[in-house]
Amino acid sequence: MRILLSNDDGIEAPGLARLAAAAAMVSDDVWTVAPEVKHTAAGASLTMAKPVTMTRLGAQRYSCSGRPADCVVAAFAWLFEGQTKPDLVLAGVNDGRNVAEDLAYSGTLGIAREASFWGVPAVGFSRVKNAAIAASDDAWLAAFIRGLWQRRAEWAAEGHWLSVNLPSTLPAAVRQPSIGRDKIARKAEVVEQDGDRTVITFPRGRAHGTAPGDENEAIDSGFVTVNRLNWFGQTRLDDAFVTALRPA
């Protein structure tokens, strides 16, 4: 089985190293293509019609000057052109949970979303900040990945991918939560003002709001959470409403 790894925290991120260690317990054909630097909230954006630099850092390990989703495109369109494509794409392990509106903003999940466009099963892994990392975590994660692969027929439908959040401590039971609301970028801070010109920033952080049954509640209670997502993104309008939109 060929596994492709990527992330949005950068090629040297500790979470990616942990994911690589776990993946190596599952397969002897693991490749890494990850961004040179951290890309917070990059989503699924791509670098179009501009140069992207790929740097070989070692055997089956590359950095990419582009965004997280660019790494998937570079792998499929360039690195593996004319070769066997990856069977599974794994993203992460993100430094911090990805919940609520993060499902749209997250570069980690943008990687998994892009992989779904190439018809490949994909999983985005995230973990709470300042987790209680243990030596046994890699083996636990490897077993979890192996289980997902063995049961992929149950979740890897076309256009779908998984978002997995890991709690502070492993091992842990698994729960499928509802998607909550805990928006990042809730405010703006003025950095500089000069006449009509104003420089602002959107500070990091969130309210850590939670509701019964959502991801934050489950993660804070020590559960691994799994959500299956898709990119179809359309809720059909009533036909009568569409017809009524036609100008007289």
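## Salt bridges

K187 is exposed, because its relative accessible area is 52% (exposed means over 50%, buried under 20%, partly exposed in between, with a 1.4 Å probe and protein chains only). This is a predicted model: local features need pLDDT of at least 70, side-chain atom pairs count only at pLDDT 80 or more, and totals for chains, interfaces and linings use all residues. Residues are numbered from 1 along each chain as its sequence is written, and side-chain values use heavy atoms, with hydrogens and water left out.

K187 meets E189 in a salt bridge, at 4.0 Å from N to O. The term requires a side-chain nitrogen of Lys or Arg within 4 Å of a carboxyl oxygen of Asp or Glu. E189 is partly exposed, with a relative accessible area of 37%. The whole structure holds ten salt bridges.

D29 and R2 form a salt bridge, with the closest N and O atoms 2.8 Å apart. D29 lies in strand β2 (residues 29-35) and R2 in strand β1 (residues 2-6), so this pair ties together parts 27 residues apart in sequence. Strands (E, at least two residues) and helices (H or I, at least four) are DSSP runs, numbered from the N terminus. Both D29 and R2 are buried.

D137 also forms a salt bridge, with R127; the closest N and O atoms are 3.0 Å apart. D137 sits in helix α5 (residues 137-150) and R127 in strand β6, so the pair ties together parts ten residues apart in sequence. D137 is buried at 4% relative accessible area. R127 counts as buried at 5%.

## Aromatic pairs

A pair of aromatic rings is described by the distance of the centres and the angle of the planes. Here, rings of Phe, Tyr and Trp (its six-membered ring) pair if their centres lie within 6.5 Å; planes under 30 degrees apart count as stacked, over 60 as edge-to-face and the rest as tilted. The count comes to seven aromatic pairs. One of them is F76 with W118: the centres are 5.1 Å apart and the planes at 20°, so the pair is stacked. It links distant parts of the chain, with F76 in helix α2 (residues 68-79) and W118 in the loop between α4 and β6 (122-127), 42 residues apart. F76 is buried at 3% relative accessibility. W118 is partly exposed at 37%.

W231 and F232 have ring centres 5.0 Å apart and planes at 40°, so they count as tilted. Ring pairs link F117, W231 and F232 into a cluster.

## Nonpolar surface patch

F117, W118, W231 and F232 form a nonpolar patch on the surface, with about 400 Å² of accessible area together. Areas come from the Shrake-Rupley method with a 1.4 Å probe; for residues, only the protein chains shown count as cover. Patch residues have over 30% relative accessible area and no salt bridge; like charges are joined within 9 Å, nonpolar side chains (Val, Leu, Ile, Met, Phe, Trp, Tyr) within 5 Å.

F117 lies in helix α4 (residues 107-117). F117 is partly exposed, at 38% relative accessibility. W231 is partly exposed at 33%, and F232 at 45%.

## Charges over rings

R152 lies over the face of W149, 3.7 Å from the ring centre. R175 lies over the face of F223, at 3.8 Å from the ring centre. The rule asks for NZ of Lys or CZ of Arg within 6 Å of the ring centre and within 35 degrees of the ring normal.
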